[in-house]
Amino acid sequence: MTGDGPGGTRPEGRDPSQPRPEARDPAQPRPASEGWAYLSYLIGGMALYGLVGWLIGRWTGLPWLVGVGMVLGLASAVALIIFRVTRS
C-alpha cells in the first residue's frame, strides 16, 4: 500500500521532512579530494576518448579524430562533474 495516510508508506522509503543522510552543509567548503577527483575526470576523459579517437583515426585514415575524441572526452567529463556537483 502506498500513500501518506495512516498505515501507508512512502514509495521511496524515507520521511521527506527529514534531511537526507548524505546531505552536506553548503556553508562548509568541499574537501580537496573532490577537486582531485574532478581533475582526474578531466584528464581521464580526454585521455580515454583521445585514445579511442586515435585508434579509430588509424583504422579509418582520419588522423583528426584524435582531436575530436579529446574534445568529446573533455565535454563528457565536464558534464559528469556538473552532474556530481549539483546532485550533492
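Predicted model: local features only at pLDDT ≥ 70, side-chain atom pairs only at ≥ 80, totals over all residues.

User: How many helices and strands does the protein chain have, and what makes a stretch count as either?

Analyst: The protein chain has two helices and zero strands. Both kinds of element are DSSP runs numbered from the N terminus: a helix is H or I with at least four residues, a strand is E with at least two.

User: What makes the span of helix 1 agree with its number of residues?

Analyst: The expected span is 1.5 Å times one less than the number of residues. For the 29 residues of helix 1 this gives 42 Å, and the end C-alpha atoms are 42 Å apart, so the two values agree. Helix 2, with 23 residues, reaches 33 Å from its first C-alpha to its last, close to the expected 33 Å.

User: Why is helix 1 called roughly antiparallel to helix 2?

Analyst: The axes of helix 1 (residues 32–60) and helix 2 (residues 65–87) come within 7 Å and cross at roughly 150°. Because angles over 145 degrees count as roughly antiparallel (under 35 roughly parallel, 65 to 115 roughly perpendicular, the rest oblique), helix 1 is roughly antiparallel to helix 2. Axes here are lines fitted to C-alpha atoms, for helices over the stretch in contact, and angles run from 0 to 180 degrees between N-to-C directions.

User: Into which classes do the residues of the contact of helix 1 with helix 2 divide?

Analyst: They divide into 16 nonpolar, eight polar and one charged. Ala, Val, Leu, Ile, Met, Phe, Trp, Tyr, Cys and Pro count as nonpolar, Asp, Glu, Lys and Arg as charged, and the others, Gly among them, as polar.

User: Which residues of the two helices are buried, and what covers them?

Analyst: In helix 1 the buried residues are Tyr38, Gly45, Gly50, Gly53 and Gly57, and what covers them includes helix 2. In helix 2 they are Leu65, Gly69, Gly73, Ala77 and Ile81, with helix 1 included in their cover. Buried means under 20% relative accessible area, exposed over 50%, and partly exposed in between (1.4 Å probe, protein chains only). Of the 88 residues of the protein chain, 11% count as buried.

User: Why are Leu55, Met70 and Met46 called partly exposed?

Analyst: Leu55, in helix 1, has a relative accessible area of 46%, so it is partly exposed. Met70, in helix 2, is at 33% and therefore counts as partly exposed. Met46, in helix 1, is at 28% and therefore counts as partly exposed.

User: What does Met46 touch beyond residues up to four places away in sequence, and what counts as contact?

Analyst: Met46 touches Met70, Gly73 and Leu74, where contact means heavy atoms within 4.5 Å. Leaving aside neighbours within four places in sequence, Met70 is in contact with Met46, Tyr49 and Gly50. Met46 and Val71, 25 residues apart in sequence, are 7.0 Å apart, C-alpha to C-alpha. The C-alpha atoms of Met70 and Leu51, 19 residues apart along the chain, are separated by 8.2 Å.

Notes
Residues numbered from 1 in each chain as written. Heavy atoms only, no water.
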